[in-house]
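Please look over the sequence and the model below before reading on. The text then takes up a few parts in turn.

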Amino acid sequence: MSRSPALVLRSVQLLVGLFLYGAATALQVRAVVGVGSWTVLTQGLEHVLPWSFGVVTVVSSVVILLLWIPLRQRPGIGTLCNVLAIGPSADLVLWLVPEPDGIVARVALFVAGVALLAVATACYIGAGLGTGARDGLMVGVHERFGWPLWLARTVIEVTVVVVGWLLGGDVGVGTVVAAFAIGPLVQPLMPLFRRLPWSPVQVVADTGREARPTPAAAPTPVP
């Protein structure tokens, strides 16, 4: 496939992945069985810093992006799209999906959210247009140290949960499940998206040239 149509399809894949990421986040919030690992950390930092939740999120994302430097990661247009797409999609799904009644319905909604989050992560990262700060950290550890993606994600998630909990963040059963489950779920999905005809890997194979992501100016993390 030529580069121009491939870039269009990769952009569509990126936006679909980001929309699904926001939707998955909203489903987990609606399940009310424990917040995500990075939210635990943000809540914990709120207890020790004189800043709001939003300010803590922005500052922590800058710190995470600084960690990209030794990991040799570069922000792309996908990093910027994280800011513009995930929040509105999460708000939309929160508006559409009511909080369920009963523990069975809550658990089912949470499981659906975790599974969808894994698909969304592999989908938007597989577009090759740049990751969010937090997922970029996972990819950077994977590429720099040769760890499997599932191991990199799991170690990062567990570390964040423990630090957030020690600082006073809210940890539930869902937090623990997500920390251990999302990484292993993402791992087998990544090769599927890399085999798509318009993926950067396939474009390189077809054209013999590397499809590099477009840099973005001010990336922020996914929720």
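The paragraphs that follow go from the nonpolar core to one helix, then to the aromatic pairs and a loop residue.

The model is predicted. Its largest nonpolar core holds 46 residues, and L14, L18, W38, M138 and I156 have the most contacts inside it. Helices α1, α2, α3 (53-71), α4 (77-96), α5, α6, α7 and α8 each give two or more residues to this core. The largest share, 10 residues, is that of α5. In soluble globular proteins, nonpolar side chains tend to be buried together. For L14, once neighbours within four places in sequence are set aside, the contacts are with G78, C81, Y124, A127 and L129.

I156, another of the core residues with the most contacts, is also listed among the buried residues of α7. Helix α7 runs over residues 149-166, 18 residues in total, and spans 26 Å from its first C-alpha to its last, close to the 26 Å expected at 1.5 Å a residue. What do the buried residues of α7 pack against? Their partners are α1 (3-31), α2 (37-48), α5 (103-126), α6 (133-145) and α8 (173-194). Just after the helix, G168 has a positive phi of about 110 degrees.

The aromatic rings form two pairs. In one, Y21 and Y124 have ring centres 6.1 Å apart and planes at 75 degrees; an angle over 60 counts as edge-to-face, so this pair is edge-to-face. Because Y21 belongs to helix α1 and Y124 to helix α5, the pair ties together parts that are 103 residues apart in sequence. Both Y21 and Y124 are buried.

The ring centres of F145 and W147 are 6.2 Å apart and the planes meet at 40 degrees, so the pair is tilted. Are these two residues buried or exposed? F145 is exposed because its relative accessible area, 54%, is over 50%. W147, with a relative accessible area of 32%, is partly exposed.

One backbone detail remains. V32 lies in the loop between α1 and α2. Its phi is near 55 degrees, a positive value in a residue other than glycine. V32 has a relative accessibility of 47%, so this residue counts as partly exposed.

Technical notes:
Residues are numbered from 1 along each chain as its sequence is written. This is a predicted model: local features need pLDDT of at least 70, side-chain atom pairs count only at pLDDT 80 or more; totals for chains, interfaces and linings use all residues. Side-chain values use heavy atoms; hydrogens and water are left out. Helices (H or I, at least four residues) and strands (E, at least two) are DSSP runs, numbered from the N terminus. The expected span of a helix is 1.5 Å times one less than its number of residues. Buried means under 20% relative accessible area, exposed over 50%, partly exposed in between (1.4 Å probe, protein chains only). Contact means heavy atoms within 4.5 Å. A nonpolar core is a set of buried Ala, Val, Leu, Ile, Met, Phe, Trp, Tyr and Cys residues joined through side-chain atoms within 4.5 Å. Rings of Phe, Tyr and Trp (its six-membered ring) pair if their centres lie within 6.5 Å; planes under 30 degrees apart count as stacked, over 60 as edge-to-face and the rest as tilted.
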